[in-house]
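Colleague: Put the model up, please. Then take me through it.

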Amino acid sequence: MIKNQRVVITGASSGIGSELCKLLAEHNKIVAVARRAERIPQHRNIIPLSIDVSTKEGMDRLLDTAYTALGNIDIFISNAGFAYYERWQDASWEHMDAIFKTNVYAPLYGLQALRQRKGKEPFQYLITASAMSFYAMPGYALYSGTKFALRGFADSMRYELEPGQHLQLIYPIATLTEFFLVAQSDHLPWPRQKASAVAKAIAKGIEQRKPHIYPSLLYRIMQIVSRIIPIIPIYMGIEGWRFRKEFSQGGTHHV
Ligand SMILES: NC(=O)c1ccc[n+]([C@@H]2O[C@H](COP(=O)([O-])OP(=O)(O)OC[C@H]3O[C@@H](n4cnc5c(N)ncnc54)[C@H](OP(=O)(O)O)[C@@H]3O)[C@@H](O)[C@H]2O)c1
């Protein structure tokens with residue numbers, strides 16, 4: 001069980017982050033962050049903070065406030081993120097800017113800022129990547145780009161860490177949260193998981209200090225099988241066909 005830890009969780013107003021707050025709040029002190037702070041679960045051990053993590057000012061304020069409130073940070077879960085479901089030809093510069101700032105810059109900068117404060121002290125820094133860090137889905141070119149970027153970053157960055165400092169990536173499959181609503185897609189890929197199950201898998205991964213956390217065993221098996229029989233690429237091909245059909249019929253998207 002994770003106990004007596006000083007924890008920061010971003011993306012705490014919904015989905016995976018919200019479930020993590022509920023799971024960890026009883027035995028740990030949490031600074032929980034989202035723009036809609038009023039939606040962060042209420043608990044005596046949770047300090048809600050309204051911050052937009054896509055700005056440097058926001059991230060600096062988050063680190064300052066968390067240090068003041070908690071005294072130190074043992075576990076930082078950089079979980080805030082979102083997607084656009086769209087054709088690449090429709091993606092604007094604004095979409096590119098917004099998604100990379102939230103999904104990539106925020107977790108990278110957060111780690112740098114934490115490391116500067118911690119020096120050689122131990123910590124655990126987790127980033128919610130995605131199953132799409134390995135296999136990109138049609139309609140999610142920008143999003144997959146951000147999640148692949150996290151893997152490349154982490155694989156290099158781990159060489160710079162001191163003993164006791166852990167950088168852990170989480171690879172959820174389709175999770176039943178507000179994610180697809182925000183992305184403006186009414187099609188949920190397969191396989192799927194509940195946010196509470198993902199949160200439990202993350203907690204286990206924290207306890208075991210795993211560098212790679214796969215909340216779905218089924219997806220892990222599919223990944224290994226795909227090295228011999230390409231079941232995931234075949235599935236993506238079918239999704240690609242569905243995606244092209246949806247958009248050729250004047251898909252509903254996008255602002
Ligand atoms: N659901 C899936 O199928 C799935 C699969 C793989 C990976 N993931 C990843 O899991 C993470 C959590 O997603 P979820 O499924 O729990 O989605 P969600 O229910 O939409 O939650 C996303 C959270 O991120 C926060 N957020 C977004 N932009 C933010 C910003 N600029 N500043 C601060 N907070 C921000 C949102 O809060 P506010 O809007 O209140 O700011 C919300 O709390 C994301 O990184 C996502 O990419 C999700």
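**Contacts first**

Modeller: Leaving aside neighbours within four places in sequence, isoleucine 127 is in contact with Ser78, Pro107, Leu150, Ala154, Leu169 and Ile170. Contact means C-beta atoms, placed from the backbone, within 7 Å. This is a predicted model: local features need pLDDT of at least 70, side-chain atom pairs count only at pLDDT 80 or more, and totals for chains, interfaces and linings use all residues. Residues are numbered from 1 along each chain as its sequence is written.

Colleague: Where does isoleucine 127 lie?

Modeller: In strand β5. Strands (E, at least two residues) and helices (H or I, at least four) are DSSP runs, numbered from the N terminus.

Colleague: Is isoleucine 127 buried or exposed, and why?

Modeller: Buried, because 27 other C-beta atoms lie within 10 Å. The cut-offs for a residue are 20 or more other C-beta atoms within 10 Å of its own for buried, 12 or fewer for exposed, and partly exposed in between, with C-beta atoms placed from the backbone. Its C-alpha atom is separated by 9.5 Å from that of leucine 111, 16 residues apart along the chain.

Colleague: Which strand does β5 pair with over 6 bridges?

Modeller: β6, in the parallel sense; β5 covers residues 123-128. Two strands pair if DSSP finds at least two bridges between them. Phenylalanine 123 has glutamine 165 in β6 as its bridge partner. Right-handed means that, with the strands pointing away from the viewer, the path from the first strand over the helix to the second runs clockwise.

Colleague: Now the whole sheet. What is the strand order?

Modeller: β3-β2-β1-β4-β5-β6-β9: 7 strands in an open sheet, with parallel pairing. β3 and β9 (212-213) are at the edges and have a single partner strand each, so one side of each has no neighbour in the sheet.

Colleague: How many bridges join β6 to β9?

Modeller: 2, and the strands run parallel; β6 covers residues 165-170. Leucine 169 is opposite histidine 212 in β9. Isoleucine 170 is opposite isoleucine 213 in β9.

Colleague: And the other end. What joins β2 to β3?

Modeller: 5 bridges, with β3 (residues 46-50) parallel to β2. Alanine 32 faces proline 48 in β3. Alanine 32 in β2 is also the bridge partner of isoleucine 9. β1 (residues 6-10) pairs with β2 in the parallel sense, over 5 bridges. A right-handed β-α-β unit is made by β1, helix α1 (residues 15-24) and β2.

Colleague: How many residues of β2 are buried?

Modeller: 5 of its 6, so to speak a mostly covered strand, at residues 29-34. Helix α2 (residues 56-70) lies across β1, β2 and β3, at about 155° to β2. That angle is between N-to-C directions and runs from 0 to 180 degrees, with axes as lines fitted to C-alpha atoms, for helices over the stretch in contact.

Colleague: What is the phi of glutamine 184?

Modeller: About 65°, positive although the residue is not a glycine. Glutamine 184 is also in the loop between α5 and β8. It is partly exposed, with 15 C-beta neighbours inside 10 Å.

Colleague: And asparagine 4: what is its phi?

Modeller: Near 55°, again positive. Asparagine 4 is in the segment before β1. It counts as exposed because 8 other C-beta atoms are within 10 Å.

Notes. Contact = placed C-beta atoms within 7 Å.
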